[in-house]
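Thanks for making time this morning.

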Amino acid sequence: MSNVLFIGYKNYSSWSLRPWLVLRWGGIPFEERVLRLDQPGYGRQEIAEVKAVSPNGTVPALDADGTTIWDSLAIAEWAAEQVAPGVLWPEDSALRAQARSATCEMHAGFAAVRRDLSMNLHRRLDAQPDWPDDTRRALARIDELWRGLRERHGHLGPWLFGRRSIADAFFTPVATRLRTYAVPVSAIATAYRDTLLSDPDFVAWEADAVPDSWDASAIQ
Ligand SMILES: N[C@@H](CCC(=O)N[C@@H](CS)C(=O)NCC(=O)O)C(=O)O
């Protein structure tokens, strides 16, 4: 079996980081190919090199032994089906339903956070920009979500649902944004942020992230 994961630049591509972590956490072998997104067609999903491997013109996309999967959550669900129950989603069905809810909330929401706190692993801001209300509300919701889940499931382990799961992979880009933009969150959310940032697979991704790898002048 051969799996190829097509991703964007590691310094910037928050969407790519999620399934990359899921595949690593699942112990699923894959080859990664980084595609340049600073090319004509970016933002319109019309980069020819991306369209050649992903029908909607976005990364990440996984070629799983000839089957194309072109969405980060779909890749994560595929991965969960390749491994034993309990490895990537919680084994308990109530916990699993909550983990899926948290993952979907991230996958489908937080547009203001994506807009105003773009992922840039090498960037550090001392003072926060003057964000609009929708961004501040979204950050407060992240704090509330993490705090509530950690308070409820902390006795099971240091991750959102005790053991590491797909939900944690989906929130890892958020952890990097909180660090980059020095966003103050509750002590329990800060501790969880640090759990995500010290995960060995995330650290390996970060070590490969090239600063200033995005050449905006190439975009048309
Ligand atoms: N729903 C998709 C979103 C992926 C996405 O928006 N990817 C961005 C880059 S990180 C992209 O490929 N953009 C190319 C473009 O807009 O032309 C997923 O979860 O995989």
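This is a predicted model: local features need pLDDT of at least 70, side-chain atom pairs count only at pLDDT 80 or more; totals for chains, interfaces and linings use all residues.

Serine 54 counts as buried, because its relative accessibility is 0%, where buried means under 20% relative accessible area, exposed over 50% and partly exposed in between, with a 1.4 Å probe and protein chains only. Residues are numbered from 1 along each chain as its sequence is written, and side-chain values use heavy atoms, with hydrogens and water left out.

Serine 54 lies in the loop between α2 (48-51) and β3, helices (H or I, at least four residues) and strands (E, at least two) being DSSP runs numbered from the N terminus. Leaving aside residues up to four places away in sequence, serine 54 touches Ala61 and Trp70, contact meaning heavy atoms within 4.5 Å. The C-alpha atoms of serine 54 and valine 22 are separated by 19 Å.

Turning to the sheet, four strands form an open arrangement in the order β2-β1-β3-β4, with mixed pairing, and two strands pair if DSSP finds at least two bridges between them. Because β2 (31-34) and β4 (67-69) stand at the edges with a single partner strand each, one side of each is left without a neighbour in the sheet. Strand β3 (residues 61-64) pairs with β4 in the antiparallel sense over three bridges, and alanine 64 stands opposite threonine 67 in β4.
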